[in-house]
Amino acid sequence: MENLNFSPLNKRLIFDSHAHYDDERFKEFSDELYSELSKSVAGIITCGCDYESNLSAMKLAEQHDFVYFAAGIHPCNVDSVKSPETAINQITKFTKHDKCVGIGEIGLDYYWTQETKEKQKEIFSAQLELSKKLDLPVIVHDRDAHADTLEYLKKYQPRGVVHSFSGSVQMAEEIYKIGMYIGISGVITFKNAKKLPEVVKEMPLDLFLLETDAPYLAPAPFRGKINNSSLIYYSAEKIGDIKGISAEAVLNHALENTKRLYNI
Ligand SMILES: [Zn+2]
Ligand SMILES: [Zn+2]
């Protein structure tokens, strides 16, 4: 069994705005995991990707007081719904739950699922429309689809975040103009991260969220291992180095930003 690694932080300052705790890899650790997380983590938003994982995300939020959830149809899972109407009916039910704080994850992915491009666009725009109707933030996934993602965001002007942001400084500025946040993942600690340090350097401290995308994207020095929310500490250290502030100050800004966006 692979071990989990945890943060040295002994204050509850970390807010993980994007994770997937319904992932199978977390099941075997359950008790240890949540008791360790409760030492450094103030909150987690676990995101669903299709009906089953939305349901699992909801159950996790019911079991743990510091876990919230978002429900959505991920671009790689659009074939799990027949039509935009099916997607909207499914998600609307979840949004009535007390601990559902947003619609996500939703978006466009032309890296893994190029062949469903047209359906992705339909399902994405239907979910953006729903977010406007319900006044809920969106959690947007954009992989190799920067131009189309930006086009939809400009059209709908939602509240929300572009998670695990991988665009340029210019794209980030377009996102801020809409009033949206960018999500910074463990990628910021990777030696080969090129654009992201530039983005972080220019990024206003009131327009970013921190996230893990756990179990994926563990920060250095744990790259390739199973990620968890407490490891956000290492991303905060790196961002602090770039910005010339402490890791705790970075965590504090992200905590305030996340609570403001999701009304927590
Ligand atoms: Zn994603
Ligand atoms: Zn994700």
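Predicted model: local features only at pLDDT ≥ 70, side-chain atom pairs only at ≥ 80, totals over all residues.

Residues are numbered from 1 along each chain as its sequence is written, chains are lettered from A and ligands numbered from 1 in the order in which they are written, and side-chain values use heavy atoms, with hydrogens and water left out.

Select the zinc ion (ligand 2) with H18 (NE2), H20 (NE2), E105 (OE) and D213 (OD), its protein donors, which lie 2.0 to 2.3 Å away; donors are N, O and S atoms within 2.8 Å of the metal (3.2 Å for Na, K and Ca), and because water is not among the atoms, sites may look incomplete. Next, display H20 and D213, both of which are buried, meaning under 20% relative accessible area, with exposed over 50% and partly exposed in between (1.4 Å probe, protein chains only).

Now select D148 and K121, which form a salt bridge with the closest N and O atoms 3.7 Å apart; the term requires a side-chain nitrogen of Lys or Arg within 4 Å of a carboxyl oxygen of Asp or Glu. Both D148 and K121 are buried.

Finally, move to E36 and K39, whose salt bridge has its closest N and O atoms 3.0 Å apart. E36 is partly exposed at 23% relative accessibility, and K39 is also partly exposed, at 46%.
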